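Here is a friendly walk through one protein model, from the overall fold down to single residues. Please keep the viewer open as you read.

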Amino acid sequence: MAGNRFRYGQWRGGPDPLAPPYDVRAAVDEVGAEVLAGGSLREALRNLLRHGPQGRGGLDDLSARARRLRREALRRGDLDGAVTRARALLDQALAAERDELRGRDDENARFAEAVLDNLPRSTARAVAELSGYEWASAEARVTYQRILDGLRADVLGQRFAGLRDAVRASADPAAQQRLAELMRDLNDLLARHARAEDTTDAFAEFMRRHGEFFPEQPKDTDELVDVLARRAAAGQRLMNSLSERQREELAGLMRQSLGDRLAGELSALDANLRALRPDLRWGRGERVRGEQPLGYGDAAGALGEIAELDDLLDALDQEHPGATLDDVDVDAVARTLGRDAADDVRRLRELERELRRQGWVSRDAEGLTLSPKALRRLGGTALRRVFADLTAGPRGQHDLRSAGAAGEVSGGSRPWEYGDEQPLDVVRTLTRAVRRSGGGVPVQLAVEDFEVVETERRASAAVALCVDLSYSMISQGRWGPMKQTALALAHLMATRFPQDALQIVGFGRAASPLTQQELAAVEPDLQQGTNLQHALRLAGRHLRRHPDAEPVVLVVTDGEPTAHLDPDDGAALFHWPPLPETVEATIREVDRLTRYGATLNLFLLGDDPGLRRFMDAVARRSKGRLFTPDTKDLGEYVVSDYLRTRQSRRR
């Protein structure tokens with residue numbers, strides 16, 4: 001269609017259809033990189049949502065925008081504008097009335113002047129006293145009436161959007177009738193809702209009659225209550241934000257403008273709404289400052305906006321237990337921050353759901369955590385990093401692909417049987433298939449054609465990896481390499497040597513066994529103490545549970561033993577410098593492991609001379625080895641030592 005012309009602009013039909021989806025695996029790797037660098041697992045998962053994948057569209061950006069809007073709302077104007085405006089109109093009316101009275105020469109005029117001269121200084125009380133005054137000036141009468149009509153319209157318009165114009169003229173009987181019907185029907189609907197009655201039909205009829213006053217178009221009674229309660233709470237926060245004198249003035253003007261009956265109905269309505277929604281910060285006030293006087297509606301609107309931003313900030317912070325992105329009101333985000341911000345929340349929600357759906361994360365009482373599937377990926381990443389750094393030398397050279405699960409290749413093969421994990425002998429498998437089929441192409445494989453490579457059987461090992469969790473490990477930048485080393489070793493053993501049994505033991509002032517998930521999530525022990533004795537005791541228990549396996553103990557630490565278990569009550573006792581009792585208790589555990597036949601290899605981080613002397617003595621006593629790797633080489637040393645030790649155990 002050659003004659004057509006097209007114009008292009010910003011997409012406004014919802015989430016951007018051309019926006020690239022989040023890469024779920026990349027998001028998992030982003031979390032893993034932070035954990036392997038020494039970060040907290042919980043914090044890494046929170047950071048993924050706070051910063052957004054690849055650092056875009058996260059909750060922190062949305063929170064920053066919400067806080068900026070809140071600061072702007074707090075500077076919007078003077079909340080006392082309703083009283084200020086009423087005072088200005090009253091002064092204008094009194095001036096016009098005095099001008100009119102000065103032109104009259106009678107006693108009634110002098111009496112009226114005396115009444116005006118003795119009006120109270122309070123605006124609200126002056127307006128109340130003039131309620132029955134016979135105005136001589138038509139202009140003054142109209143100006144006075146503007147005080148009442150304007151405030152009434154502002155108050156009702158703030159509570160019921162769309163009602164402002166309908167009630168501005170107090171003399172309009174139709175408007176007064178509609179207002180009376182609205183209040184009656186509303187109170188009846190809320191009373192039935194409070195009694196837990198089914199209000200479906202009553203709500204539909206209410207909206208048919210009065211829906212024009214609720215542009216939000218609530219879908220049920222609960223949404224209607226939410227709309228009304230938020231507006232009423234904003235009005236109450238306005239009163240709370242004023243000084244005592246300002247509050248008395250505004251309350252008096254509102255009673256005068258609404259009348260006793262309508263003021264009573266609104267008060268009863270507010271009480272009902274407060275009972276239905278007590279969570280809306282009814283007792284809170286704000287220090288809103290600005291030069292522009294704000295009328296009642298604008299002031300209450302500003303405070304309502306601030307309250308909505310506060311609710312949004314609470315949801316975006318995700319700090320309360322069990323918090324999820326489903327807690328974030330996307331409609332509120334769109335209203336306050338714009339459609340693009342709402343799209344960011346939707347994308348983050350989809351990322352969180354997809355992470356759960358694909359089994360990368362799970363949720364517990366404290367929030368999101370990595371699943372076993374994600375931990376396997378994390379361990380694989382750690383292992384690849386370690387093997388990438390391995391070089392030829394006295395530590396040995398090993399490639400991840402060459403570490404067979406069942407041992408070294410023997411050169412023979414045998415027919416495949418169900419359950420075999422040995423690699424296929426491709427040449428012999430194809431040879432059998434060709435012989436069976438007579439040499440035709442394509443070659444059709446059958447189950448009986450498959451042969452697997454025979455390997456030498458290796459002895460299994462029971463390995464206890466004891467890792468120091470004291471605060472010095474994180475303060476000296478050793479926390480990340482320690483986690484990477486432990487996760488890499490766990491992944492190597494699980495995937496390449498499944499017959500071996502690994503137990504990770506973390507120790508600070510006390511020791512405890514750790515799963516891979518617990519290790520990824522563990523935080524440094526802020527208590528002082530390095531209880532190597534307890535760690536070696538738990539290592540010994542693990543070795544004795546596998547009596548037919550080769551016992552191996554690996555210790556990673558950066559501090560002297562400064563804590564041990566009290567022999568009487570089992571409590572952890574700490575003292576610096578180390579007590580003789582602590583050293584003796586630790587050596588007793590070393591001797592027990594040595595008598596059991598365990599290989600005890602120590603990996604010393606740091607350059608403390610006292611620690612070096614102690615560890616060197618332990619290594620000699622246990623006939624083990626002492627390594628002093630740089631922090632960045634820790635994983636390389638530990639994995640290489642495990643592989644060398646394992647290679648030496650071939651049968």
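Predicted model: local features only at pLDDT ≥ 70, side-chain atom pairs only at ≥ 80, totals over all residues.

Residues are numbered from 1 along each chain as its sequence is written, and side-chain values use heavy atoms, with hydrogens and water left out.

## The chain as a whole

The protein chain has 24 helices and 12 strands; these are DSSP runs numbered from the N terminus, helices being H or I with at least four residues and strands E with at least two. Of its 651 residues, 48% count as buried, where buried means under 20% relative accessible area, exposed over 50%, and partly exposed in between (1.4 Å probe, protein chains only). The protein chain exposes about 33000 Å², and carbon and sulfur atoms supply 48% of that area. Accessible areas come from the Shrake-Rupley method with a 1.4 Å probe, and for residues only the protein chains shown count as cover. Among contacts with a separation of 6 or more, 71% join residues 24 or more positions apart; a contact means heavy atoms within 4.5 Å.

In what order do the six strands of the open sheet run? The order is 7-6-5-8-11-12, with mixed pairing. Strand 7 (511–514) and strand 12 (625–627) stand at the edges with a single partner strand each, so one side of each has no neighbour in the sheet. From one strand to the next, the twist averages 20°. Two strands count as paired if DSSP finds at least two bridges between them.

| Strand pair | Sense | Bridges |
|---|---|---|
| Strand 5 and strand 8 | parallel | seven bridges |
| Strand 8 and strand 11 | parallel | six bridges |
| Strand 11 and strand 12 | parallel | three bridges |

A462 has P551 of strand 8 as its bridge partner. L554 stands opposite N601 in strand 11, V555 is partnered by L602, and T557 by L604. Further across, F603 has F627 of strand 12 as its bridge partner.

Strand 8 is mostly covered, with seven of its eight residues buried. Strand 11 has five of its six residues buried, so the rest of the structure largely encloses it.

Helix 23 (residues 609–622) lies across strand 8, strand 11 and strand 12, at about 165° to strand 11. Axes are lines fitted to C-alpha atoms, for helices over the stretch in contact, and angles run from 0 to 180 degrees between N-to-C directions.

## P578 in its loop

P578 sits in the loop between strand 10 (572–574) and helix 22 (580–596). It counts as partly exposed because its relative accessibility is 23%. Leaving aside neighbours within four places in sequence, P578 is in contact with E560, P561, T562 and V583. T530 is 48 residues away along the chain, with 9.8 Å between the C-alpha atoms of P578 and T530.

V447 belongs to the loop between helix 17 (426–437) and strand 4 (451–455). This residue counts as exposed because its relative accessibility is 57%.
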